[in-house]
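Subject: A structure to look through

Dear colleague,

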Amino acid sequence: MTVAVNPTQTGEPVFYLADEHPHPEGHSTSLGFWIYLMSDCLIFAMLFAAFGVLGANYAAGPAPKDLFDLNLVAVNTSMLLLSSITYGFAMLTMQQNKIAQTQMWLLITGLFGVAFISIELTEFAHMIHEGATPQRSAFLSAFFTLVGTHGLHVSCGLIWLVTLMVQVWRFGLIEANRRRLMCLSMFWHFLDVVWIGVFTFVYLLGVLR
Amino acid sequence: MNTDTHAAHAHDHHHDDGHAHGTFSTYMLGFVLSVVLTAIPFWLVMSGTLPSKQITALVIMAFAVVQIVVHMIYFLHMSPKSENGWSMMALIFTIVMVVIALSGSLWVMNHLNSNMMPMHEMTGMK
């Protein structure tokens with residue numbers, strides 16, 4: 001690209017388009033991140049498909065009705081929903097350049113996320129204690145893979161959240177940190193969208209079956 | 001100072017990209033809608049209000065779809081204009097892929113299941 005010159009600067013005729021014009025740093029990050037989320041969506045779609053196909057193969061083992069406690073799932077769902085709105089508040093305070101408030105909302109979001117993961121792990125531990133391990137039936141394999149993958153995403157989101165809180169604490173709300181917080185916000189809300197599918201298709205329809 | 005001007009410039013440019021930011025009221029509206037759209041399916045299943053399971057299943061699936069759209073609009077700020085329409089294009093492409101993969105898998109595997117030789121015939125053929 002060294003041969004490409006800006007014609008307005010030199011005044012010489014240029015017979016080709018200089019294809020490398022300056023981009024502001026990170027101007028395409030949000031679109032790129034969105035495309036990553038869409039590919040992540042395909043992973044979840046495949047896991048949902050596997051669960052849809054195998055979800056009724058109990059192999060004479062426990063069925064959703066024996067395993068799931070909808071009260072617990074409702075509490076878990078509200079944790080994730082609350083963390084979504086508190087992340088929204090973090091973004092709003094970020095736009096107003098209020099560092100302390102942004103950090104506070106991020107912290108609250110993280111606490112809701114930790115609560116979600118803790119409840120999920122308690123549920124898993126309880127199921128495994130009752131003998132409903134992933135090896136027990138195809139239904140349980142598909143269940144643990146789908147819900148576990150979602151839980152893993154949330155855990156990664158929490159690590160990311162803590163990392164960004166340290167970044168904001170050290171460097172303030174600079175443009176790069178705003179961009180990162182915006183990406184994490186998309187990631188976090190996306191995980192909430194996936195959870196809508198999980199609680200509807202896995203838990204509610206499972207208990208209904 | 002240099003970083004400040006750069007940040008200000010980049011931030012101004014950011015708005016030109018058409019990436020929407022939420023406001024307090026849109027976030028709250030999205031949150032209230034989500035709470036309602038979550039609470040009703042849980043209530044329907046836990047209380048068993050509707051007469052048949054099939055109707056309940058269809059209703060809660062409809063609620064899930066509506067809630068996903070609500071999250072997309074109010075939390076993920078999706079609009080046909082964001083990123084000059086490219087994020088919507090990516091979304092539509094993904095939805096098409098997901099629908100093909102999900103419905104295809106369920107349909108084919110369901111057919112395989114129903115066309116499977118019944119178990120007792122299998123054991124009789126040994």
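**What was found**

Of the 126 residues in chain B, 18% are buried, a residue being buried if 20 or more other C-beta atoms lie within 10 Å of its own, exposed if 12 or fewer, and partly exposed in between, with C-beta atoms placed from the backbone. Please keep in mind that this is a predicted model, in which local features need a pLDDT of at least 70 and side-chain atom pairs count only at pLDDT 80 or more, while totals for chains, interfaces and linings use all residues. Residues are numbered from 1 along each chain as its sequence is written, and chains are lettered from A, with ligands numbered from 1, in the order in which they are written.

On confidence, the predictor gives the complex an ipTM of 0.85 and a pTM of 0.85. The pLDDT, which is the predictor's confidence in each residue from 0 to 100, averages 81 in chain B, where 76% of the residues score at least 70. Over residues 1–18 of chain B, however, pLDDT stays under 50. Where pLDDT is low, the predicted coordinates should not be read in detail.

Chain B has five helices and zero strands, where helices (H or I, at least four residues) and strands (E, at least two) are DSSP runs numbered from the N terminus. Its domains, whose bounds come from an automatic or database domain assignment, are domain 1 (23–77) and domain 2 (82–114), and the centres of these two domains, taken over C-alpha atoms, are separated by 21 Å.

UniProt, in an unreviewed entry, places the feature "transmembrane region" at residues 24–45, 57–76 and 88–109 of chain B; its positions are given here in the numbering used for the model, feature names are shortened, and annotations may be inferred rather than shown by experiment. In the model, residues 57–76 of chain B are 90% helix and 0% strand, with end C-alpha atoms 27 Å apart, and residues 88–109 of chain B are 100% helix and 0% strand, with end C-alpha atoms 31 Å apart. For chain A, the UniProt record (again an unreviewed entry) lists several spans under this feature name, including residues 104–122, and the model makes residues 104–122 of chain A 100% helix, with end C-alpha atoms 27 Å apart.

Where the chains meet, 39 residues of chain A are in contact with 44 residues of chain B, two residues being in contact if their C-beta atoms, placed from the backbone, lie within 7 Å. Helix H2 (29–54), helix H4 (70–95) and helix H7 (175–208) of chain A each give two or more residues to the side of chain A that touches chain B.

The largest nonpolar core has 65 residues, and Phe143(A), Leu146(A), Phe199(A) and Val202(A) touch the most other members; such a core is a set of buried Ala, Val, Leu, Ile, Met, Phe, Trp, Tyr and Cys residues joined through C-beta atoms within 7 Å. Its largest share, 18 residues, comes from H7(A). Leaving aside neighbours within four places in sequence, Val202(A) is in contact with Phe51(A), Phe143(A), Leu146(A) and Val147(A).

Lastly, Ala115(A) sits in helix H5 (residues 99–129) of chain A and is partly exposed, because 17 other C-beta atoms lie within 10 Å.

With best wishes
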